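Hi,

Here is the structure I promised to pass on.

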Amino acid sequence: QDKITEFEYKLEEGLNLIDTDIKKENNGFTEVKIELPFTLFEQNKTYTFGIKCKDQNQEWSDWKTQQDFGIPGFKVIFMGLLLNQNTQTDTTNMGTVIRTEVSGPIKIYIREFDPNVMGERIQGMDIKRMYDIRVEGLQQGAEQTIEFEIPEKINKWWKYNPKEGVSLFQNVSFSPGSTPNSTIVTIKLKDGRTPDDYDKKENGVIVDPSGAGYINVSGGGGGGGGGGGGGCFIATACFGNYNHPIVKILREFRDKFLVTNRIGRNFVRWYYSHSPKYAEIISNSPVLKGIVRILLIPFVIFAYLCIKDLILPLVLLISVLVVKKYFYKYGNTV
């Protein structure tokens, strides 16, 4: 059987492309798992899912759809809460209260889901609750504010993107709730903005799997997210953009290598606890930004080599050069 080294999928609603992605694995895939946000799907519409694969001979298969797998086109029925204007309602039996204002064509669906479905990616992160959020009927590029009252101490809001992993969200504020152990969390989402909106399109719809957690930061308090984005606080503060290529490399290194083992998860937790205050200082100093950019260079190179599976070849190459130099220098005297 041919080894599958690359695959591409697409999700369509009629003639509209809803989502797509390409995944590569030089060693071949032993299992393919595709995760899509629940709130990517609009209520009562029929969707078609297709996939094609490439083998080690660089040959692509034809597109395979549900019909090829014996599965017909499917419909999604929302199980979440539909919020009406000035609604204040529990979303689940666990006591989360939602407050927001909507008018006209705007609809907001919210469904709580178990954080454990994200598996090892959240180990070492104290994520307590996750919510599927979908906002429909917005003007393109518009913002929507949603307020949660959560019956626990909360000081961080996490974003979940199945393609990019888990990251911290910055457009959020925290305040004491109506009971001693509750927290009011206010988030501002913008259509098409990263990382607010999964589809990154200004189309009047926000798709947002996200949720609440708590990190015990030295000095107490739960404030906002600090000076960076996606958990890469210091790098984002230096380069000024959550989507800067260097920040992306560090995020990918975190998701592929750090949060997959105990030592790495402990480091991530420590970093999330301490780096925001330093990132805020760096973001306000052009001189510090320049210095830290230079200091980050070896870490970025190392992370890139790890991501591209080039560490072992590089070590072997250096070893060969060292041995060659040794024999060139001392060979005649042996």
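Let me begin with a hairpin: E12 connects to E13 through 3 residues. Please keep in mind that this is a predicted model.

How much of E12 is buried? The count is 6 of its 6 residues. One side carries Lys156, Trp158 and Tyr160, the other Trp157, Lys159 and Asn161, and both faces are covered.

Next, the nonpolar cores. The largest has 31 residues, and Val166, Ile234, Cys238, Tyr272 and Leu296 make the most contacts inside it. Several elements each supply at least two residues of this core, among them strands E10, E12 and E13 and helices H2 and H5. Leaving aside residues up to four places away in sequence, Ile234 touches Tyr271, Ser275, Ala279, Ile282 and Val292. A second, separate core has 22 residues, including Ile133, Phe148, Val172 and Ile206.

Asp199 is buried but has no salt bridge: Lys201, the nearest side chain of opposite charge, is 6.0 Å away, beyond the 4 Å cut-off for a salt bridge. The side chain of Asp199 does have a polar contact of 3.0 Å with that of Asn203.

Best wishes

Key
Residues numbered from 1 in each chain as written. Predicted model: local features only at pLDDT ≥ 70, side-chain atom pairs only at ≥ 80, totals over all residues. Heavy atoms only, no water. Buried < 20%, exposed > 50% of the residue type's maximum accessible area, 1.4 Å probe, protein only. Lys, Arg positive; Asp, Glu negative; His and termini not counted. Polar contact = N/O pair within 3.5 Å; in protein donor to acceptor, adjacent residues only side chain to side chain. Core = buried A, V, L, I, M, F, W, Y, C linked by side-chain atoms within 4.5 Å. Helix = DSSP H or I, 4+ residues; strand = E, 2+ residues; numbered from the N terminus. Contact = heavy atoms within 4.5 Å. Pairing = 2+ DSSP bridges.
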